[in-house]
Structure formats: structure tokens, C-alpha cells
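Please look over the sequence and the model below.

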Amino acid sequence: MSETVTLPRRWAADRGPLLSATGVTKTFRVARNNAGHNRLTALDGVDLQLNRGETLGLVGESGCGKSTLARVLLLLERPDSGEIRFDGVDPFALKGRELLAWRRRVQMVFQDPYASLNARMTAADIIAEPWRTHRDVMPTAAARAARVRELLDLVGLREGDAERYPQEFSGGQRQRIGIARALALDPEIIVCDEPVSALDLSVQAQVLNLLTDLRQQLGVSYVFISHDLSVVRHVADRVSVMYLGKVVEQGPTEDVFDRPLHPYTAALMSAAPTLDRAEGRSRRRILLEGEVPSPLNPPSGCRFRTRCPYAVARCAEVEPAAVTAEPKPSGAGASGTGSSGPAAAGTATPATGSTAAPAAAGAPHVEHLGLCHFPLDASGAPMHS
């Protein structure tokens with residue numbers, strides 16, 4: 001009889017945020033450009049929060065800082081300033097065995113399932129590789145073999161797949177092996193960096209459904225990075241929108257997609273393709289002019305002002321403070337249908353350390369923030385103050 005080992009969960013819903021970042025800044029020294037700048041600002045005062053058992057989506061154009069933020073959260077990069085808290089502890093202050101134990105709790109699923117697996121290792125060896133570093137997790141060969149079989153079954157692969165090599169699998173199957181490897185240490189957080197972008201559309205749906213099922217079964221939390229807004233809308237509970245190193249808007253997925261506060265978010269949502277012809281005809285496409293500024297020399301004031309159709313002189317002089325929107329009133333239409341568009345006029349208020357009151361009695365209290373001098377009203381026009 002084989003020995004079966006299942007690691008205990010350390011997850012509890014009543015212990016506050018699992019992961020938080022406050023004022024995180026990260027710069028890199030690069031070759032000096034024509035203007036004499038040699039500091040690339042990848043992250044500039046990023047704030048975010050990940051709750052237990054939650055999926056947080058990170059979206060934005062290429063180069064906005066999503067992957068750099070993921071590397072900071074994984075302790076692969078040390079921020080220049082700001083604070084990271086994991087379960088109330090600063091992981092950058094840990095050393096030795098404490099740091100090794102912490103690394104079990106945060107794992108990663110990579111973008112390319114063809115490049116992230118060693119072609120000379122079997123699926124079993126790939127899944128068991130984390131235990132070579134964390135030897136006390138699965139101390140015996142019998143325990144490792146039993147756990148590999150459990151993980152293969154958990155991600156929808158067969159026991160007989162254990163001795164096959166990556167090149168014998170399809171792209172979707174390879175990504176399942178990558179997910180099994182990430183689960184080997186029973187993490188509390190998995191950072192998914194574009195985990196389905198290299199897969200066919202039908203396979204994408206299978207992998208996304210697998211990730212959703214694993215979250216429900218194991219209580220794992222995800223930081224989900226993607227360019228595909230339809231994918232983020234499907235899997236994420238909350239969304240953070242990044243632009244040129246800053247989080248310009250964050251909030252519940254439904255609110256951010258249906259009632260964006262920030263003009264950049266509205267432009268992103270208008271560019272997302274849809275299979276609903278009626279929705280496509282009624283949607284107003286927002287075309288942004290100009291190029292994304294260089295992170296070597298970001299604009300003063302609001303980062304988005306050089307491409308924003310509503311920018312005024314104030315936007316160049318003063319960095320915008322956060323504004324808060326109320327959640328959708330009870331009885332409003334579901335995501336994508338029956339929505340009144342952006343937050344109703346008058347619902348956006350300056351953030352002063354606390355979010356706005358719920359829109360109706362009994363409505364859930366949620367946080368929806370945008371960094372803009374003129375948040376959008378119900379008509380999609382800037383709400384001038």
C-alpha cells in the first residue's frame with residue numbers, strides 16, 4: 001500500500017490580508033539615453049493587497065511594471081523603497097531557515113510551458129524537484145512518489161504520465177505539469193505570469209478552469225498577470241490596472257470593467273474584443289494618441305496626461321490623489337449586462353484613508369480607487385472638480 005501524504009493548509013479567512021505592498025518603488029540602472037537619464041523607473045509607489053483565497057488580476061500594457069512587481073513579490077528583486085508584508089511579516093527581513101521556509105509559501109507558474117520545463121527530466125522529476133531544496137517536506141522516496149501521483153491527479157493528468165518527458169506532452173499538459181510543480185510545496189500564493197497566453201483558446205479555458213477549481217479546493221490565492229482582459233474578467237475577484245510603473249485604478253472586477261474611474265482603464269476596456277455583436281456596436285471605442293512615455297523619463301504630475309484626452313495644465317503640475325467610488329447599488333445589472341457604465345456622477349469622492357459608504361443599505365463594502373484629477377462619470381466624461 002502506497003504512502004499518501006497531504007500537506008496541511010495554513011489558510012484562514014479571518015486573519016486579514018495575506019499579502020500587501022505599500023509604496024513599493026523599484027528602479028534599474030541602464031545605459032544613459034540621449035537625454036542623459038540612466039535610471040529606469042519600473043515601479044513607482046505601488047500599493048496593492050491580496051486577500052486569502054482571492055485572485056488579484058494585474059493588467060496593463062507591456063512595460064508597465066507587472067512582471068517587475070511579480071519579481072518583487074517573489075523576493076527575486078529587492079525594492080528601492082516601500083514595504084512588503086506577507087501575513088504581517090516583512091519577508092525581506094528573513095534569513096536562513098526562516099527565509100527558506102517562507103519561500104515554500106509563494107510559488108510561480110511561468111508564461112511559456114515549453115521553456116519552463118527541463119526537457120531532460122521526467123514529469124515526476126520536475127514535480128519533485130522543489131523537495132530537493134525543501135528536504136523536510138517529503139523526506140522519504142515513498143512519500144515523494146505518492147505525492148507526485150496525487151498532484152498529477154489533481155491537475156488532470158494520469159499516473160502513467162509521471163515517467164514521460166515534457167516533449168511528449170501538449171502545451172496544455174505541460175502547463176498542468178508546471179502547475180503541479182508550483183503546488184508541490186503547498187503554497188498559499190501562486191504568481192501566474194501570463195499562464196495561458198501561449199496556449200490555444202480551447203486549452204486556455206481548460207487551464208483557467210483548473211486554476212479556479214484548485215483555488216476552491218485548496219484555498220490558494222493568485223496574483224494573475226495577463227494582457228487578456230477577458231481572461232482576467234473570468235478569473236479575478238479584484239483588478240489592479242498599471243500604467244508606467246503605477247497602479248492607476250484598482251477595485252472589484254465587475255466595478256472596474258463596467259464602471260471605470262480612470263480614462264486609461266476606460267480605454268483598455270473599450271479595446272477588449274467581444275463576441276456579442278450588439279455590445280460591440282454600442283461600445284464607444286476610445287483611441288489613445290501618442291506613444292507610451294519612456295520609464296527613463298516619466299512625465300511630471302499624472303503619468304497618463306501625455307495621452308489623456310482630458311488633460312489640463314493641472315495634470316502636469318500636481319500628481320493626482322486617489323478618488324473612491326461606491327460599489328454598484330443592489331439590484332443593478334450583472335457584469336456585462338444592465339450596467340449603467342462608469343460610476344454614477346457624484347459617487348466618486350477623494351480618498352482620505354477610508355472608502356466611501358455603500359450605495360444602499362445592506363450593499364457589500366468594497367474598495368474601488370482611481371488615481372485621476374477628473375474621474376469619469378456615468379456618461380464617460382471627466383467629472384471636473
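Which residue in β9 is the bridge partner of valine 241? The partner is glutamate 249. This is a predicted model, in which local features need pLDDT of at least 70 and side-chain atom pairs count only at pLDDT 80 or more, while totals for chains, interfaces and linings use all residues. Residues are numbered from 1 along each chain as its sequence is written, and side-chain values use heavy atoms, with hydrogens and water left out.

Strands and helices here are DSSP runs numbered from the N terminus (strands are E, at least two residues; helices are H or I, at least four). Two strands count as paired if DSSP finds at least two bridges between them. β8 and β9 pair in the antiparallel sense, over six bridges. They form a hairpin with two residues between them, and leucine 244 in the turn has a positive phi of about 50°.

β9 also has two bridges to strand β12 (residues 368-371), and these strands run antiparallel. Glutamate 249 has glycine 370 as its bridge partner in β12. Strand β9 covers residues 246-252, and seven of its seven residues are buried, so the strand is largely enclosed by the rest of the structure. Buried means under 20% relative accessible area, exposed means over 50%, and partly exposed lies in between (1.4 Å probe, protein chains only).

Next come the charged side chains. Side chains of opposite charge can pair when their charged atoms come close. A salt bridge is counted when a side-chain nitrogen of Lys or Arg is within 4 Å of a carboxyl oxygen of Asp or Glu. The structure holds 17 salt bridges.

One of them joins the side chains of arginine 104 and aspartate 136, at 2.5 Å from N to O. Arginine 104 lies in the loop between α2 (96-103) and β5 (106-109), and aspartate 136 in the loop between α4 (130-133) and α5 (141-154), so the pair ties together parts 32 residues apart in sequence. Aspartate 136 is exposed, at a relative accessible area of 53%.

Aspartate 161 and arginine 158 also meet in a salt bridge, at 3.4 Å from N to O. Aspartate 161 is buried at 2% relative accessibility, whereas arginine 158 is exposed at 58%.

A further salt bridge links arginine 215 and aspartate 237, at 2.3 Å from N to O. Arginine 215 lies in helix α7 (residues 201-218) and aspartate 237 in the loop between α8 (229-235) and β8 (238-243), so this pair ties together parts 22 residues apart in sequence. Arginine 215 counts as buried, at 17% relative accessibility, and aspartate 237 as partly exposed, at 33%. Elsewhere, salt bridges that share partners join Arg52, Asp87, Arg105 and Glu188 into one network.
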